[in-house]
Amino acid sequence: MTNRSPAPDPTVIAVDAMGGDHAPRTVVEGALLAARENGLRLLLVGRREVLEREIEELESVASDLDRIEIVHAREVVGMGESALAVRRKRDSSVRVCARLVREGRAAAMLTAGNTGAALVAGKMVIGVAPGVDRPALAVTMPRRVGRTILLDAGANVDSKPHQLRQYAVMGHYLAQQLLRMRSPRIGLLSIGEEVGKGTELVREAFKALDATGLNFVGNVEGRDVFSGAADVVVCDGFVGNAILKSAESLAEFIGSQLREEMSRNWRTKFGYLLARPAFESFKSRIDYSEYGGAPMLGLRGGCFVAHGRSSARAIHNAVRRAVEFCEADIHLKVSAKLSEVAYEAHSKAVVAG
């Protein structure tokens with residue numbers, strides 16, 4: 001295996017240019033915008049001839065080409081393919097991105113493609129941190145005041161109680177770094193607040209989380225993701241992804257309804273003009289494209305997943321967020337803490353044995 005660089009440049013991100021519903025055009029455009037407006041150096045990964053053509057056609061935003069390096073990858077893992085396709089497609093763009101992180105040429109990888117493929121590539125190529133069975137996708141959700149961290153948001157559709165415990169530990173340390181909270185409140189997503197509510201997985205996970213020593217506040221319900229009853233909400237990836245997609249759809253529905261109502265007559269149009277700053281502020285809080293990508297926690301290097309429908313602006317913001325994470329070493333600090341917890345647990349087990 002190629003040796004990892006001890007300190008890769010945090011402003012260098014490997015971007016999977018072939019991943020996403022609108023790839024490669026929107027991904028290339030977003031990457032070019034990020035390079036130009038934020039002074040970043042990006043590695044665009046994909047079929048060289050395709051990417052060169054896209055860059056040529058996007059001449060209006062391609063003013064800093066010395067900051068863009070194309071890394072050829074002849075294969076693509078499609079959105080509808082099995083995540084295990086990464087194993088046989090050794091030269092796929094998502095796997096090459098992971099390899100660039102492992103080799104230290106990039107601080108992190110970003111893809112808007114197949115989330116399962118990103119997970120498999122991250123585990124196989126970048127590697128998982130000690131004490132982690134499965135990395136988890138962590139998203140920040142809007143709430144009345146501040147934001148709530150939700151994980152897993154779609155990396156693992158099936159989880160075991162001890163894995164939910166790991167997600168809770170990841171979320172705890174992420175909230176400390178990202179939300180600047182000393183003792184974030186950890187909630188377990190269920191169908192009721194009472195102990196004993198939920199599936200067998202939730203009931204067993206409750207016991208596991210209750211024994212962590214974290215600030216575990218017990219079961220929380222779906223509404224509590226947005227109410228602020230907990231700072232970190234833990235669930236399996238199937239449920240987390242359903243909540244994420246439902247929230248996105250609801251936000252789009254509310255936005256479309258507001259626009260329709262505000263265009264009914266001259267009075268509502270005038271009212272909209274007066275209230276426009278408030279509407280714009282509201283939109284920025286709920287629009288996923290404003291936040292870009294979500295980190296895959298529990299890996300030895302940076303991995304970020306953007307929405308499959310990401311626009312160029314969303315990719316731009318995702319790249320910027322990945323750099324911010326890498327500059328602050330947030331994902332590496334979380335992994336280091338997980339390693340410490342795993343070591344302490346192992347030491348206690350040895351002493352007890």
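Which residues are buried in helix H2 (residues 48-57)? The close-up views below, all taken from a predicted model, begin with this helix and then turn to the aromatic pairs.

**View 1. Buried residues of helix H2.** In helix H2, which spans residues 48-57, the buried residues are Val50, Leu51, Glu54 and Ile55. They cover an arc of only 130 degrees around the axis, and therefore lie on the same side of H2. The packing partners of the buried residues of H2 are helix H1 (25-38), strand E2 (41-46) and strand E3 (68-72).

**View 2. The aromatic pair of Phe206 and Phe216.** The structure holds two aromatic pairs, and in the one shown here the ring centres of Phe206 and Phe216 are 5.1 Å apart while their planes stand at 70 degrees, so the pair is edge-to-face. Because Phe206 belongs to helix H7 (residues 200-210) and Phe216 to strand E9 (residues 216-220), the pair ties together parts that are 10 residues apart in sequence. Both Phe206 and Phe216 are buried.

**View 3. The aromatic pair of Phe304 and Phe325.** Phe304 and Phe325 also form an edge-to-face aromatic pair, with 5.4 Å from centre to centre and 80 degrees between the planes. Phe304 is located in strand E12 (residues 302-305) and Phe325 in helix H11 (residues 312-328), so that this pair ties together parts that are 21 residues apart in sequence. Phe304 is buried, as is Phe325.

Key: Residues numbered from 1 in each chain as written. Predicted model: local features only at pLDDT ≥ 70, side-chain atom pairs only at ≥ 80, totals over all residues. Heavy atoms only, no water. Phe/Tyr/Trp six-rings, centres within 6.5 Å; stacked < 30°, edge-to-face > 60°. Helix = DSSP H or I, 4+ residues; strand = E, 2+ residues; numbered from the N terminus. Buried < 20%, exposed > 50% of the residue type's maximum accessible area, 1.4 Å probe, protein only. Arc of directions from axis to C-beta. Contact = heavy atoms within 4.5 Å.
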